[in-house]
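I opened this structure to look up a few local features and to write down what I found.

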Amino acid sequence: MTNNQSLPRKTLLGFAVVAPFLTVALLEKNVLVALAPLFVSHLLLLYATLVPNCTWWGPVVRSFHTSEREVWLTIDDGPCIAHTEKILDLLDQFEARATFFVIGSQAEAHPHLVTEILARGQALANHTFQHPSRGFWRFSARAIAREIDRCAETLRIRPDRPQLFFRSPAGLKNPFVHPILFARGLVLVGWTVRGFDTLLRDPAAVAERVARRIRPGAIIVLHEGHRVQRDPEFNLRCIELTLRRATQKNYRFVIPREEQLNFSGKRKGDY
């Protein structure tokens with residue numbers, strides 16, 4: 001982590017340490033004024049933790065450098081019996097490459113799908129072992145390391161397959177995440193545009209949302225394994241229509257090289 005990248009982190013943590021002392025010092029003058037530093041420090045801590053793609057705790061990859069009409073499709077929350085092989089068929093159909101950010105427990109339950117993803121020329125990445133989306137932001141360093149390491153151990157079937165990418169559940173993070181990733185040689189990957197396919201109900205609306213926001217070097221995030229009982233074709237349709245719309249706009253789906261990764265600040269329109 002460079003000095004420029006660590007400056008917001010140091011400033012945020014420093015202010016959080018100083019804020020209680022400021023509150024105590026100002027109590028005799030005015031209670032509301034005294035509470036202001038404490039309130040602001042908590043607000044800033046929550047923003048850095050709960051807002052996806054925020055880089056205050058450390059660098060987040062949100063795009064990649066390219067001079068071509070290329071985008072990176074990332075698919076979260078698999079592997080899934082109902083979806084993974086059909087998604088692989090779609091990727092073959094559109095001659096697209098993608099990275100599957102898989103949940104370790106799912107990979108452990110369906111190792112043949114992990115093998116199939118690799119056999120079909122696609123890539124795997126770490127998305128924690130249990131995907132604790134509601135509690136990950138408040139996990140201790142030990143709990144975060146356990147989630148990352150258990151997933152890594154599940155995916156490291158072959159020693160010649162190095163792992164580089166990690167995505168936290170729902171993009172959440174806290175002060176412990178980046179040091180743990182740095183120690184393991186992992187990079188935190190966010191996104192340029194998400195389809196909101198976990199919220200929207202119309203696959204066409206999901207694909208249209210992505211199509212309006214993509215640009216060369218964009219990272220797209222979609223999901224598998226959701227609504228399997230109620231609407232098993234939903235995730236598949238979202239991915240198919242996204243592939244089709246982007247292909248019609250002459251975009252290719254690639255997996256960027258490490259030197260192409262862009263850690264720069266958030267740009268307008270990234271959401």
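My entries on salt bridges, helix packing, the surface and the backbone follow.

**Ground rules.** I am working with a predicted model, in which local features need pLDDT of at least 70 and side-chain atom pairs count only at pLDDT 80 or more, while totals for chains, interfaces and linings use all residues. I number residues from 1 along each chain as its sequence is written, and side-chain values use heavy atoms, with hydrogens and water left out.

**Salt bridges.** I looked up salt bridges, each being a side-chain nitrogen of Lys or Arg within 4 Å of a carboxyl oxygen of Asp or Glu, and the count by this rule comes to 12. One of them joins the side chains of Arg120 and Asp89, at 2.5 Å from N to O. Arg120 lies in the loop between α5 (111-119) and β4 (123-126) and Asp89 in helix α3 (residues 84-93), so this pair ties together parts that are 31 residues apart in sequence. For the element names I rely on DSSP runs numbered from the N terminus, with helices (H or I) of at least four residues and strands (E) of at least two.

Arg120 also forms a salt bridge with Glu116, where the closest N and O atoms are 2.8 Å apart. I then checked accessibility, where buried means under 20% relative accessible area, exposed over 50%, and partly exposed in between (1.4 Å probe, protein chains only). Arg120 is partly exposed at 22%, as Glu116 is at 24%. Salt bridges that share partners join Asp89, Asp92, Glu116 and Arg120 into one network. Asp89, for its part, is partly exposed, with a relative accessible area of 44%.

I also noted a salt bridge between Arg257 and Glu259, with the closest N and O atoms 2.8 Å apart, and both of these residues are exposed.

**Helix packing.** How do α6 and α7 pack? Helix α6 (residues 141-155) and helix α7 (residues 177-184) pack at an angle of about 45 degrees with their axes 10 Å apart, the axes being lines fitted to C-alpha atoms over the stretch in contact and the angles running from 0 to 180 degrees between N-to-C directions. The two helices are therefore oblique to each other, a word for angles that are not under 35 degrees (roughly parallel), over 145 (roughly antiparallel) or 65 to 115 (roughly perpendicular).

I found Leu172 in the loop between β5 (165-166) and α7, where Leu172 is buried with a relative accessible area of 9%. The C-alpha atoms of Leu172 and Val51 are separated by 6.8 Å, although these residues are 121 residues apart along the chain.

**Backbone.** I checked the backbone knowing that most residues other than glycine have a negative phi, and most peptide bonds are trans. The peptide bond from Gly78 to Pro79 is cis, with omega near -5 degrees, and Pro79 lies in the loop between β2 (70-76) and α3. Glu95 has a positive phi, near 50 degrees, and is found in the loop between α3 and β3 (98-102); Glu95 is exposed, at 74% relative accessibility. Phe196 has a positive phi as well, near 55 degrees, and lies in the loop between β7 (193-194) and α8 (203-213), where Phe196 counts as partly exposed at 22% relative accessibility.
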